Amino acid sequence: MAAGDLLALPTQTRETCRLEPWDSRRGQPGWESLAVACWAARRMALGYRTVGHMLTLAGETGVGKTHLALAIAWEWVERFEREPWSILTNDELLKVLESGIRRHEGWEGWRVISDERNWRRPGWPKDHGVRFARVGELLDMLQKGYEDGLYYELLDECQNCRLLVLDDLGHQRETPWRLEIVDRIVDARYISGRWTVVTTNLPGDQLPPRIASRLRDRSTGFVAAIEAGDYRPLKSSNGRRPW
Ligand SMILES: Nc1ncnc2c1ncn2[C@@H]1O[C@H](COP(=O)(O)OP(=O)(O)OP(=O)(O)O)[C@@H](O)[C@H]1O
Ligand SMILES: [Mg+2]
């Protein structure tokens, strides 16, 4: 199986984990922090760098971290499905145009879309480049990848894909080798300005310091610390706690 397939978004969440429906939980304890997280997620879903390129959603279990992270990811996938050219950055677009010219392809195959700023070559790029990984599972796959040769492909995908969701960072006790891998992924994305969403149950001071430091850099990212309670028991019971 290719690395991209191993890092696919869980398909069933295309319906359930979206910005709409989203319960603002207005009036419940911590709802303001939830509103901030939702605002940040919406900015990122639109591809705006208002909150930088690294969004960290932190909080206790069941507050909606994975939901929001996946909601961003699905918005990106759907934007790609509607307008495949629109997810290219200006630099990427330039590179593609330049390489075409170098190979004497000229402008053939390209056409101007409506506003004369966006260029498209039919059928390109092929893939939305949106990837999702639960950190524990990703590290297991990377470890296994040493045997079946997928290690470098997976690592490259994690470091360079357009949008990466790293779900449940720090959830598990990790060996130094495994922590080093997460560090490499976060560092590569931090430096290269690649879009990243991290979810974690841990407060910053319990994450590995090098990783926490990068996530906390306000010039490149935003940490939304959600202080609401667990939403899971409220889901099916119309607000009544069944247990
Ligand atoms: N504000 C909300 N509106 C609608 N659904 C929500 C909301 N918050 C959470 N949910 C739903 O509650 C469930 C738990 O949310 P989610 O999995 O995102 O929690 P989490 O913060 O990632 O928890 P954990 O730390 O255990 O992974 C999901 O089914 C999610 O869709
Ligand atoms: Mg989660």
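This is a predicted model: local features need pLDDT of at least 70, side-chain atom pairs count only at pLDDT 80 or more; totals for chains, interfaces and linings use all residues.
Residues are numbered from 1 along each chain as its sequence is written, chains are lettered from A and ligands numbered from 1 in the order in which they are written, and side-chain values use heavy atoms, leaving out hydrogens and water.

Biologist: How many helices and strands are there in the protein?
Modeller: Both are DSSP runs, numbered from the N terminus: helices are H or I with at least four residues, strands E with at least two. The count is ten helices and seven strands.

Biologist: What percentage of the residues of the protein count as buried?
Modeller: Buried means under 20% relative accessible area, exposed means over 50%, and partly exposed lies in between (1.4 Å probe, protein chains only). The protein has 243 residues. The buried share is 46%.

Biologist: Of the contacts with a separation of 6 or more, what percentage join residues 24 or more positions apart?
Modeller: A contact means heavy atoms within 4.5 Å. For residues 24 or more positions apart, the share of those contacts is 79%.

Biologist: How many disulfides does the count give?
Modeller: A disulfide is a covalent bond between the sulfur atoms of two cysteines. The rule here asks for a pair of cysteine sulfur atoms within 2.5 Å. By that rule, the count is zero.

Biologist: Which elements do the buried residues of helix 7 pack against?
Modeller: Helix 7 spans residues 151–160. Its buried residues are Y151, L154, L155, E157, C158 and Q159. They pack against helix 1 (3–6), strand 4 (130–134), helix 6 (135–148), strand 5 and helix 8 (176–192).

Biologist: Which residues does C17 contact, leaving aside its neighbours within four places in sequence?
Modeller: C17 sits in the loop between helix 2 (13–16) and helix 3 (31–45). C17 is buried, at 13% relative accessibility. C17 and I72 are 55 residues apart in sequence, yet their C-alpha atoms are 9.1 Å apart. The contacts of C17 are H67, L70, A71 and W74.

Biologist: Is the peptide bond from E20 to P21 cis or trans?
Modeller: Most residues other than glycine have a negative phi, and most peptide bonds are trans. P21 lies in the loop between helix 2 and helix 3. Omega from E20 to P21 is near 5°, and the bond is cis.

Biologist: What is the phi of R25?
Modeller: R25 is in the loop between helix 2 and helix 3. R25 is buried, with 6% relative accessible area. Its phi is positive, in a residue other than glycine, and near 55°.

Biologist: What is the phi of D168?
Modeller: D168 lies in strand 5. At 22% relative accessibility, D168 is partly exposed. Its phi is also positive, near 65°.

Biologist: Which residue has its backbone oxygen 2.7 Å from a polar atom of the T200 side chain?
Modeller: T200 is in strand 6 (residues 195–200) and is buried, at 1%. A polar atom of the T200 side chain also lies 3.1 Å from the backbone nitrogen of L202. Beyond four places in sequence, T200 touches T56, L57, A58, G59, K65, L169 and L207. The backbone oxygen at 2.7 Å belongs to L169.

Biologist: Which element gives the most to the lining of the largest pocket?
Modeller: Of the 21 lining residues, G62, G64, H67, R232 and K235 lie nearest the centre of this pocket. Helix 4 (65–82), strand 5 (163–169) and helix 10 (232–235) each supply at least two lining residues. With three residues, the one that gives the most is helix 4.

Biologist: What is the volume of the largest pocket?
Modeller: On a 1 Å grid over the protein atoms alone, a pocket is an open set of points where a 1.4 Å probe fits, with protein on both sides within 12 Å along at least five of seven lines; lining residues have an atom within 4 Å of a point. Points are joined across faces, edges and corners, and the volume is the space filled by probe spheres set on them. For the largest pocket, that is about 570 Å³.

Terms used
A polar contact is a pair of N or O atoms within 3.5 Å; within protein, one must be able to donate a hydrogen and the other to accept it, and residues adjacent in sequence count only if both atoms are side-chain atoms.
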